[in-house]
Amino acid sequence: MHVLTPRVRLAAGIVGSVFIALGSLGVGWLGPDSVLRSWLLFDVLRNSRGGVGICAMLLVVGAVLLLAAWLSLGLDLLRSRSRPDAPGRLSQVVVSALAWSAPLIVALPLFSRDMFAYVGQGRLMAAGLNPYTTGMADLPGWYGIGVDPLWADTQTPYGPVFVWLEKVVVMATGPLPTEVAVLAFRLIAVAGLAMLAYYAWRIARLRGLDQAAVLWIIAASPLVLMNFVVAGHNDSLMLGLIVAGTYYAMKDRPILGTVIVALAIGVKPIAIIALPIIGLIWAGRNAGWGVIIRRWIAVTAIALGGIAVLGWGIGVGIGWIGALATPVSISSWYAPTNILGISIGGLANGVGLDGDIVQTAVKLGMLALGCAAAAYLLIAKRHADPIWLLAGCFAVVSLSSPVLHPWYGLWLITLFAIAGIRQLWQLRAVVYATGFFMLIGLAEPLDMIPRLDSSAFIPVAVIATALAGVTFVLVATELAVRRPVVAGVRLQPRSLAS
C-alpha cells in the first residue's frame, strides 16, 4: 500500500464513514415498533432485496476504506517517526479521527444491539425496578424497543454509575422515539472516547511516547469507530475513566485517581482490575510490602466503599458484584478458553463423560488461572512499569475468559498503546488484531427482515467481501512495511521508540 497524500487519505476515510452511515439505513438495527420503519425511505431500503444488498455492500466497502485510510496514516507516521514532534503529525491524527467519526454519529446502530439494552435497563430503573434482580422481559414492550432477546432474563453487567445514567437518559427523553435515547447513549460513548483520547495523549506526553502514534491507535482506528461510535459501547467511558484515573495517580494525585477509577468500576465492574495498579503507583516504585498493603487497603476502601454507598443511594444495592458473572455466562467461538473448553469437552464425550460439565470446568479453571496470573503479576512484578502491569493484568484476565467481544479487544489495544508500542512486531500485533476484530464485527447479523434473511446470499456476500477487502488491505500494508525503504526512510524493525 502506498502512503496516500493527506487530502486523499482524509477523503477516503470520510467516504468510508458516509458509506457506513448510508448502509446502516438499510441494515442497521431498528426496534420492531420503531416509527422509522413506516417512513418511505426506510420502507424502500429495508423491504427490497436490492436495497438491502446495496446497503450491506456499502457498509463493508465503507469499513474497508476506513481501514485503508487508517493504515495509510499509520505508514505516514512510521515514515516520519524520526521526527515525532514534526509539525502536523498530531493534528493529522486528530483531524482524521474527528472527520471520520462525524458521519457515524447519525448512523443507525450496527455491530451490536447493546444501546437498545441500555434503553431497556433505563426503563427498568425509571419504573423503580432493580436491573440486578429483574430481567428485561418483566417490562411490557421490551421487545419492541429492539433489545436482543438474549437480554430478556439477563441481569445487567453494568455498575451503578451506568445504570443511573441509563435512568437519567430514559427519563430525559421521556415519550420521544427510542432512537433519541439511543442517540443520547451514543453521545455518552463518544464523550468517553474523547476523554480516553485526551488522557491517553497526556500519558503519552508524560511517558515520552510518540503522541501521534498513540492517538492513531486509540482514537482513529476503524475498530474504535465501529465499536465506540457506531455501536456506542460504554466500554469507551470505562476505559476513559481508567486512563484518566491512572494519569492523575501518576501525577501524584492518587486519591483523585482512585475516585475516577471507582467511577469506571461503576460503569463496568471489570475495571476493578485497575485498582491495585493505582495503589502501586501511590506507594511508589521502591515501596516495601507494608506501604503497598496500606495503599491497597486505602484504594479499596475509597473505591468500593464509594460505589457501595452510591448503589444503596440509587436503590440497587451491591447487585453489581453478582453481575460480574454475566459476561462469562456466554461464550465467543474464537476465544482461546472457549476453543479449549469445546475441544476437551468433545474428548470427554468420546470417553463416556459428560462433555458439558467438563467444558464448564475447563472454562472456570482457565478464568481462575487468568486471575491467578494477574495476582502473580501484581505481587512478583510490583516494581515494574505500572502501565505495563495494567495492560498485562487486563490481558491475562480477558484472554482467559470464555467471552472476548471485539470491544474487549480494544481494552488490550488501548492499554498496550499507552504502555508503549516500541517494536515493529508489537505494531503488527495491533494492526492484525484490529483487522481480526473488524472481521468479527462485520460478520455480526444485520437487521434484515426474515424473508430476505432466509436467503444466505446476502450474508455470505457481506462476509466474503469483508474478508477479501480486509485481507487485501492488510497484505498491501505488510508488503509496504517489508520494503527496505518506505517513502525514502529506511525502517528499523527492532525499535519504534520515539
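Is Glu478 buried or exposed in this predicted model? Let's find out in the first close-up.

**View 1. Glu478 and Arg428 meet in a salt bridge.** Glu478 counts as buried, because its relative accessibility is 13%, under the 20% cut-off. Between the two side chains, the N to O distance is 2.8 Å. The pair links distant parts of the chain, with Glu478 in helix α21 (residues 457–482) and Arg428 in helix α19 (residues 424–442), 50 residues apart.

**View 2. Here Arg89 forms a salt bridge with Asp210.** The closest N and O atoms are 3.0 Å apart. Arg89 sits in helix α4 (residues 89–101) and Asp210 in the loop between α8 (178–207) and α9 (211–218), so the pair ties together parts that are 121 residues apart in sequence. Arg89 is buried, at 4% relative accessible area, and Asp210 is buried too, at 12%.

**View 3. Asp76 and Arg79 pair up within helix α3 (residues 49–79).** These residues are 3 apart, about one turn of the helix, and their closest N and O atoms are 2.2 Å apart. Asp76 is buried at 7% relative accessibility, whereas Arg79 is partly exposed at 28%.

**View 4. Trp289, Ile293, Ile297 and Ile379 form a nonpolar patch on the surface.** Together they have about 370 Å² of accessible area. Helix α14 (residues 289–313) gives the largest share, 3 residues. Ile293 lies in this helix and is partly exposed, with a relative accessible area of 42%.

**View 5. Helix α13 (residues 275–283) passes α14 in a right-handed crossing.** Their axes come within 8 Å and cross at roughly 130°. That makes α13 oblique to α14.

Key:
Residues are numbered from 1 along each chain as its sequence is written. This is a predicted model: local features need pLDDT of at least 70, side-chain atom pairs count only at pLDDT 80 or more; totals for chains, interfaces and linings use all residues. Side-chain values use heavy atoms; hydrogens and water are left out. Patches are made of residues with over 30% relative accessible area and no salt bridge: like charges are joined within 9 Å, nonpolar side chains (Val, Leu, Ile, Met, Phe, Trp, Tyr) within 5 Å. Accessible areas come from the Shrake-Rupley method with a 1.4 Å probe; for residues, only the protein chains shown count as cover. A salt bridge is a side-chain nitrogen of Lys or Arg within 4 Å of a carboxyl oxygen of Asp or Glu. Helices (H or I, at least four residues) and strands (E, at least two) are DSSP runs, numbered from the N terminus. Buried means under 20% relative accessible area, exposed over 50%, partly exposed in between (1.4 Å probe, protein chains only). Axes are lines fitted to C-alpha atoms, for helices over the stretch in contact, and angles run from 0 to 180 degrees between N-to-C directions. Angles under 35 degrees count as roughly parallel, over 145 as roughly antiparallel, 65 to 115 as roughly perpendicular and the rest as oblique. A crossing is left-handed if the near helix is turned anticlockwise from the far one by less than a right angle, and right-handed if clockwise.
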